[in-house]
Amino acid sequence: MVTSKRRKNGTDTASATRDRILSAAARILSTKGYSATRLTDIAHCAEVRAPAVYYYFDSREELIAEVMAVGQRRLREHVESALTALPTGSPPMDRIDTAVQAHLQVELQLSDFATAVTRNQGQLPDDVRDRLRSEGAEYLGLWRRLLEEARTAGLIRPDLDLRAARMLVMGALNWTPEWWNPHQGSLSTVIDTATSLVRHGLGFPLSQAHTHNSNLR
């Protein structure tokens, strides 16, 4: 068989085929969404026959769950790497800006896996969502720490509920793939707009910022 020869020659291992199916599933999920994603579309995109998908994954749900797990991990790791690359002692609001930028970059430009996560998380069945809860909690924890650091530094308005603020910010970021069109505005413009909205939405109005900063000294 052609497949056997390709595997024997080392040009198409089982691992490579499995990765290709995962990448294809991420691409389809990121464009069509959970409910419209079919195994036949994934197989066509991966250049394998549809029954071959079941050789590597027991079910559609198992395949989608793994795509989502990879996407969540890549999203978190990209944001963590961006934060780690900042100079030591960077102001908390600059760290929040960096997290917003990294989140949008990876979900809109760098990874179909990350886009699949942010587009489909709310559509997943409960059993798949339960399997992803631990990784999702790590990313939520990263954002919780960012906001708490900014509040401790006196940079977030005391009247804001941090949990609500965190969920609203992340909800807005995760919804971006639903409406952003690169032909109607650049990614850099979206990032600049998002960081401005988050920074000024969380922080003090300009009219109060000088007085507040003076009181902190």
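Which residues have the most contacts inside the largest nonpolar core? Hi everyone, let me start there. They are Ile96, Val100, Leu104, Trp143 and Leu202, and that core has 32 residues. By nonpolar core I mean a set of buried Ala, Val, Leu, Ile, Met, Phe, Trp, Tyr and Cys residues joined through side-chain atoms within 4.5 Å. Buried means under 20% relative accessible area, exposed means over 50%, and partly exposed is in between, with a 1.4 Å probe and protein chains only.

A quick word on the model. It is predicted, so local features need pLDDT of at least 70 and side-chain atom pairs count only at pLDDT 80 or more, while totals for chains, interfaces and linings use all residues. Residues are numbered from 1 along each chain as its sequence is written, and side-chain values use heavy atoms, leaving out hydrogens and water.

At least two of its residues come from each of α5 (60-84), α6 (92-110), α9 (133-152), α10 (162-179) and α11 (187-202). The biggest giver is α6, with eight residues. The helices here are DSSP runs of H or I, at least four residues long, while strands are runs of E, at least two long, and both are numbered from the N terminus. Take Val100 as an example: leaving aside residues up to four places away in sequence, Val100 touches Trp143, Leu173, Ala194, Thr195 and Val198. Touching, or contact, means heavy atoms within 4.5 Å. There is also a second, separate core of 28 residues, which includes Leu29, Leu39, Ile64 and Leu132. As background, nonpolar side chains in soluble globular proteins tend to be buried together.

Now for the charges. How many salt bridges does the structure hold? There are 11, each being a side-chain nitrogen of Lys or Arg within 4 Å of a carboxyl oxygen of Asp or Glu. In one of them, Arg199 pairs with Asp97, and the closest N and O atoms are 2.7 Å apart. Arg199 is in helix α11 and Asp97 in helix α6, so this pair ties together parts that are 102 residues apart in sequence. Asp97 is buried at 16% relative accessible area, whereas Arg199 is partly exposed at 27%.

Another salt bridge joins Asp112 and Arg27, at 3.5 Å from N to O. Asp112 sits in helix α7 (residues 112-120) and Arg27 in helix α2 (residues 14-32), so here the linked parts are 85 residues apart in sequence. Both ends are partly exposed, Asp112 at 32% and Arg27 at 38%.

Arg60 has two partners to show you. Its side chain meets that of Glu61 in a salt bridge of 3.3 Å, N to O, and its charged end sits over the ring of Tyr34, 4.5 Å from the ring centre. For that label, NZ of Lys or CZ of Arg must be within 6 Å of the ring centre and within 35 degrees of the ring normal. Arg60 is buried at 18% relative accessibility, while Glu61 is partly exposed at 29%.

Finally, the rings. The structure holds one aromatic pair: Tyr55 and Tyr56, edge-to-face, 4.8 Å centre to centre with 85° between the planes. Rings of Phe, Tyr and Trp (its six-membered ring) pair if their centres lie within 6.5 Å; planes under 30 degrees apart are stacked, over 60 edge-to-face and the rest tilted. Tyr55 is exposed at 60% relative accessible area, but Tyr56 is buried at 13%.
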